[in-house]
Amino acid sequence: MHGRDRILVTGWFGFLHGEATAGDVLALRRVEAVLRDAGLAYDVVWSPGFRPGGMHFADVDPAAYTRLVFVCGPVHGRQIEELHRRFAHCVRIAVGVSVVDPGSPAVTGFHQVLARDAAGTVPTLDLAARAPAPPARPVAGVVLTHGQHEYGGRRRHAEAAAELTRWLAGKDCARLELETRLDAHDWRLCGTPAQLEAVLARLDLVVTDRLHGLVLALRAGTPALAVDPVAGGAKVTAQARACGWPALLPAEGLTVGALEHWWDWCLTRGREEAARIGAGFRSAEAAEDTADGLVAALGAGPA
């Protein structure tokens with residue numbers, strides 16, 4: 001290629017109504033690594049719905065490119081056929097794709113198809129498998145409630161959930177929405193406490209405005225960033241005090257600075273503290289709970 005040559009890289013993640021999947025983006029990363037190692041200049045086109053700040057097809061001057069590379073996904077449909085028309089002067093290559101209909105214009109429009117799978121061929125490894133390994137990201141379980149109407153005018157549940165989810169959307173982490181409600185018939189929910197604990201134990205932290213979100217996270221040895229969604233504090237605040245857990249914010253104190261402080265604490269010092277508290281729950285020296293007084297209360301008889 002000449003020094004003026006430049007490659008345009010795209011895929012289904014580049015179309016206006018296309019879908020960006022984790023596999024497709026990792027496939028792109030594998031292609032980018034190959035191009036960089038070869039010293040080849042390229043640009044990537046993204047869907048404006050997925051990456052508003054990226055390069056979009058509406059911004060692209062086809063004359064600026066001599067090569068077009070289409071990455072991953074099935075090769076079919078009018079959107080790919082439109083690419084062939086718009087970039088007719090470019091050498092067009094599809095890589096890591098599925099060929100469903102080898103005779104379709106979407107397929108025959110490419111100068112070369114490096115197929116991942118096609119009828120009559122030996123399948124090759126998906127591009128995502130050999131993509132560069134990304135840095136590890138924390139996994140946060142999110143346990144929120146929108147109920148608890150018994151608190152009446154003190155309820156700040158909607159505001160707390162909105163603030164938390166808005167903040168979490170900007171965190172570079174994997175978010176896993178969880179429910180403490182059990183259901184033996186809905187596969188999306190845990191059917192037993194043990195199933196939920198198995199998930200909680202594998203998380204890096206839990207973000208919750210529920211009392212049992214806090215307690216069950218600590219029971220599993222996982223730090224919890226807890227928010228009390230009731231103005232003035234209620235059972236979440238009381239339980240954090242009973243557990244000796246400091247990572248608690250009031251509904252009125254959900255500032256980004258406070259959330260970031262306790263997030264960082266949970267992922268550092270909070271890990272050891274949560275493990276210590278969780279182990280304490282199971283020890284012979286565990287703090288008393290109300291069940292310790294139950295037998296005496298039963299023996300007291302009617303008042």
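Analyst: Eleven aromatic pairs are present in the structure; rings of Phe, Tyr and Trp (its six-membered ring) pair if their centres lie within 6.5 Å, with planes under 30 degrees apart counted as stacked, over 60 as edge-to-face and the rest as tilted. Tryptophan 12 and phenylalanine 15 form an edge-to-face pair, because their ring centres are 5.1 Å apart and their planes stand at 80°. Both tryptophan 12 and phenylalanine 15 are buried (buried means under 20% relative accessible area, exposed over 50%, partly exposed in between, with a 1.4 Å probe and protein chains only).

The model is a predicted one, in which local features need pLDDT of at least 70 and side-chain atom pairs count only at pLDDT 80 or more, while totals for chains, interfaces and linings use all residues. Residues are numbered from 1 along each chain as its sequence is written, and side-chain values use heavy atoms, with hydrogens and water left out.

Phenylalanine 70 and phenylalanine 110 make a tilted pair, 6.3 Å centre to centre with 50° between the planes. This pair links distant parts of the chain, 40 residues apart: phenylalanine 70 lies in strand β3 (residues 67-71) and phenylalanine 110 in the loop between α3 (105-108) and β5 (112-118). Helices (H or I, at least four residues) and strands (E, at least two) are DSSP runs, numbered from the N terminus. Phenylalanine 70 counts as buried because its relative accessibility is 0%, and phenylalanine 110 does so at 7%. One aromatic cluster is formed by Trp12, Phe15, Phe57, Phe70, Phe87 and Phe110.

Strand β9 (224-228) has five of its five residues buried. In a regular strand the side chains alternate between the two faces of the sheet. In β9 both faces are covered, with Ala224, Ala226 and Asp228 buried on one side and Leu225 and Val227 buried on the other. Three bridges pair β8 with β9 in the parallel sense (strands pair if DSSP finds at least two bridges between them), and threonine 208 has alanine 226 of β9 as its bridge partner. A right-handed β-α-β unit is made by β8, α6 and β9; right-handed means that, with the strands pointing away from the viewer, the path from the first strand over the helix to the second runs clockwise. β9 also runs parallel to β10, joined to it by three bridges, and aspartate 228 stands opposite proline 250 in β10.

Within helix α7 (residues 235-243), Val236, Thr237, Ala240 and Cys243 are the buried residues. They line one face of the helix, because they fall within an arc of 130° when seen down the axis of α7; the arc is that of the directions from the helix axis to the C-beta atoms. The face turned away from this buried side carries the exposed residues Arg241 and Ala242. The buried residues of α7 pack against α6 (211-219), β9, β10 (248-250) and α9 (269-281), where contact means heavy atoms within 4.5 Å. Just after α7, glycine 244 adopts a positive phi of about 70°.

Helix α8 (residues 256-266) buries Ala258, Leu259, Trp262, Trp263, Trp265 and Cys266. Seen down the axis of α8, these residues fall within an arc of 165°, so they too line one face of their helix. Their cover includes β6 (139-143), α4 (157-169), β8 (205-208), β9, β10 and α9.
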